[in-house]
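Okay, thanks everyone, I'll keep this short. Have a look at the model on the screen, and I'll walk you through a few spots in it.

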Amino acid sequence: MNILSIGGSDPSSGAGIQSDIRVFSALGVHTLTVITAITSQNTSKFGMVEPVSSKILQKQLESVFSDFKINGVKIGMVYNSKIIKIIHQQLKKLKIPIVVDPVIRSTTGGSLIENNARKDFQKYIVPLATIITPNKKEAELLTKMKISTKNTPEKVAKEIQNMGAKNVTITGIEEKKKVSDFVLEKNSKYIISGEKIPKINHGSGCIHSAAVVYSLAKKKSIKESLYFAKKFTYKSIKNAKKIGKGIAITDIQS
Ligand code: PLP
């Protein structure tokens with residue numbers, strides 16, 4: 001099985017393309033990669049971003065699509081409008097699961113998308129999503145709504161569904177001892193709760209969305225895939241290790 005990861009390079013391998021390779025390798029599937037941007041970052045700080053040119057992005061996409069049967073796609077960091085439009089063009093006719101992880105800022109404070117590309121992200125990338133997996137903060141930034149008793153997770157998820165995503169999960173809604181993911185499918189809604197781990201780490205969102213696309217590519221349902229991803233991510237956060245000087249990096253075991 002081949003899964004395509006479209007996103008940014010992270011030299012610490014905690015997030016981005018390198019993290020996806022770690023996840024898919026642990027799960028025994030082949031990772032195809034299309035790099036949208038190169039970042040300099042580590043576990044303490046985010047440095048700079050250099051997006052790739054339209055030409056090499058296009059060529060990377062053509063290389064993988066002309067050669068492989070692709071069973072699922074994950075879209076992570078897309079950075080600017082040019083990149084967004086090329087990805088949209090190449091993926092709009094695909095009939096395989098596409099998971100969109102709408103990354104906006106890294107835990108260490110780096111900007112993963114240009115401010116003026118947010119509208120195009122909404123217009124061209126969100127509608128590609130079989131499921132979109134924002135965390136609470138990302139869902140709030142996408143919708144410009146703050147989750148509260150008035151703007152419930154359901155209301156915010158509905159707003160994202162109205163942008164064109166078929167299914168939505170908003171992850172990391174913290175309660176006292178639990179952390180919950182709200183899920184809005186086409187005809188149902190539910191909450192997946194788990195134990196809160198008081199640990200800040202690098203790359204947990206990337207791991208969650210990668211585990212979701214893996215499971216969808218294996219023809220599991222949205223619900224089964226989200227439960228699988230929750231468990232997989234929980235383990236990788238629980239086992240996260242401080243291997244650099246800054247925050248811990250998730251540890252992946254199959
Ligand atoms: N860098 C890249 C290239 C990413 O794709 C992401 C998230 O998807 C991050 C950094 C952010 O990771 P985190 O916020 O978990 O540190």
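Let me start with T43, which, once neighbours within four places in sequence are set aside, is in contact with T108, G244, K245, G246, I247 and I249. Before I go on, keep in mind that this is a predicted model. So, T43 sits in the loop between strand 2, residues 30–41, and strand 3, residues 46–51. Is T43 buried or exposed? It counts as buried, because its relative accessibility is 7%, and the cut-off for buried is under 20%. There's a polar contact here as well: a polar atom of the T43 side chain is 2.9 Å from the backbone nitrogen of G246. And for a sense of distance, T43 and G205 are 162 residues apart along the chain, with their C-alpha atoms separated by 15 Å.

Okay, on to the ligand. How many residues surround it? There are 13, and the closest are Q41, T107, H202, G203 and C206. If you sort that shell by type, you get 5 nonpolar, 8 polar and no charged residues. Now the polar pairs. On Q41, an N or O atom of the side chain is 2.7 Å from a nitrogen atom of the ligand. T107 puts a polar side-chain atom 2.7 Å from a ligand oxygen. With H202, an N or O atom in the side chain is 2.5 Å from an oxygen atom of the ligand. As for cover, the ligand has 400 Å² of accessible area on its own, and the protein covers 93% of that.

C206 comes up again with the next residue, S209. You'll find S209 in helix 7, which runs over residues 204–217. It's buried, because its relative accessibility is 0%. The S209 side chain reaches the backbone oxygen of C206 at 3.2 Å. Leaving out neighbours within four places in sequence, S209 is in contact with K74, V99, D101 and T133.

Now the packing. The largest nonpolar core has 43 residues, and the ones that touch the most other members are I75, I87, F121 and I132. Which helix gives the most to this core? That's helix 3, residues 81–91, with 5 residues. Take I87 as an example: not counting residues up to four places away in sequence, I87 touches I6, T36, L57, I75, V78, I125 and L128. There's also a second, separate core of 23 residues, and Y190, I207, L216 and F232 are among them.

Staying with helix 3 for a second, the buried residues there include S81, I83, I84, I86, I87, H88 and L91. At the start of that helix, a side-chain oxygen of N80 comes within 3.3 Å of the backbone nitrogen of K82.

As background, most residues other than glycine have a negative phi. Y79 has a positive phi, near 65°. It's in the loop between strand 4, residues 72–75, and helix 3. Y79 is buried, with a relative accessible area of 13%.

K144 counts as exposed, because its relative accessibility is 79%, and the cut-off for exposed is over 50%.

Over in helix 5, residues 136–143, we have T143. T143 is at 10% relative accessibility, so it counts as buried. Its side chain reaches the backbone oxygen of A139 at 2.8 Å. Without counting residues up to four places away in sequence, T143 touches V156, E159, I160 and M163.

Last stop: T152, also in the loop between helix 5 and helix 6. T152 is partly exposed, with a relative accessible area of 30%. What's the C-alpha to C-alpha distance from T152 to S25? It's 37 Å, and in sequence the two are 127 residues apart.

That's my tour, so over to you for comments.

Notes:
Residues numbered from 1 in each chain as written. Predicted model: local features only at pLDDT ≥ 70, side-chain atom pairs only at ≥ 80, totals over all residues. Heavy atoms only, no water. Near = heavy atom within 4 Å. Polar contact = N/O pair within 3.5 Å; in protein donor to acceptor, adjacent residues only side chain to side chain. Areas by Shrake-Rupley, 256 points an atom, 1.4 Å probe, with all protein chains shown as cover. Nonpolar A, V, L, I, M, F, W, Y, C, P; charged D, E, K, R; others polar. Helix = DSSP H or I, 4+ residues; strand = E, 2+ residues; numbered from the N terminus. Buried < 20%, exposed > 50% of the residue type's maximum accessible area, 1.4 Å probe, protein only. Contact = heavy atoms within 4.5 Å. Core = buried A, V, L, I, M, F, W, Y, C linked by side-chain atoms within 4.5 Å.
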